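Here is a short note for a first look. Please read the points with the model open beside them.

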Amino acid sequence: MWRVFDNLMGNIIKYAQPDTRVYVSAEEADGKIQIIFKNISKYELNISSDELMERFVRGDSSRSTEGSGLGLSIAKSLCELNNVDFNIVIDGDLYKAELTMDELPPEPPNEETLPAVVVDDIE
């Protein structure tokens, strides 16, 4: 998941409108965790979210920054491998990436914190 976050933050650094805010939030509800990355793009994204996640596709053909167009495709594939829903929402120049995953179960108690159990010898 580190690689997914790295790809999403890398896209924000490359493609966010200068002097605008970037929002990263996490919400918990009904046993799910949703992490949302949101920013305003330098360019109007004249492409669907499905097309944007395809390999070798970039959101605007006029972009002159470096990049292979693989970042979102890789992020999507890694999310699928980890059973994480990956969704992109585009509204004009508003870009939002949503990751939704199951909440981790509580960790089992550490052996050091478990109470001692005494068992009588059985003959």
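1. Strand 3 and strand 4 (residues 94-102) pair in the antiparallel sense, over seven bridges. Strands pair here if DSSP finds at least two bridges between them. Within this pairing, N87 has E98 of strand 4 as its bridge partner.

2. A caution on the source: this is a predicted model, where local features need pLDDT of at least 70 and side-chain atom pairs count only at pLDDT 80 or more, while totals for chains, interfaces and linings use all residues. Residues are numbered from 1 along each chain as its sequence is written, and side-chain values use heavy atoms, with hydrogens and water left out.

3. Four strands make an open, antiparallel sheet in the order 1-2-4-3. Strand 1 (23-29) and strand 3 (85-91) stand at the edges; each has a single partner strand, so one side of each lacks a neighbour in the sheet. Strands (E, at least two residues) and helices (H or I, at least four) are DSSP runs, numbered from the N terminus.

4. Helix 3 (residues 71-81) lies across strand 3 and strand 4. Helix 3 runs at about 145° to strand 3. Axes are lines fitted to C-alpha atoms, for helices over the stretch in contact (heavy atoms within 4.5 Å); angles run from 0 to 180 degrees between N-to-C directions.

5. Which side of the burial cut-off does F37 fall on, buried or exposed? F37 is buried, at 3% relative accessible area. F5 is partly exposed, at 30%. Buried means under 20%, exposed over 50%, and partly exposed in between (1.4 Å probe, protein chains only).
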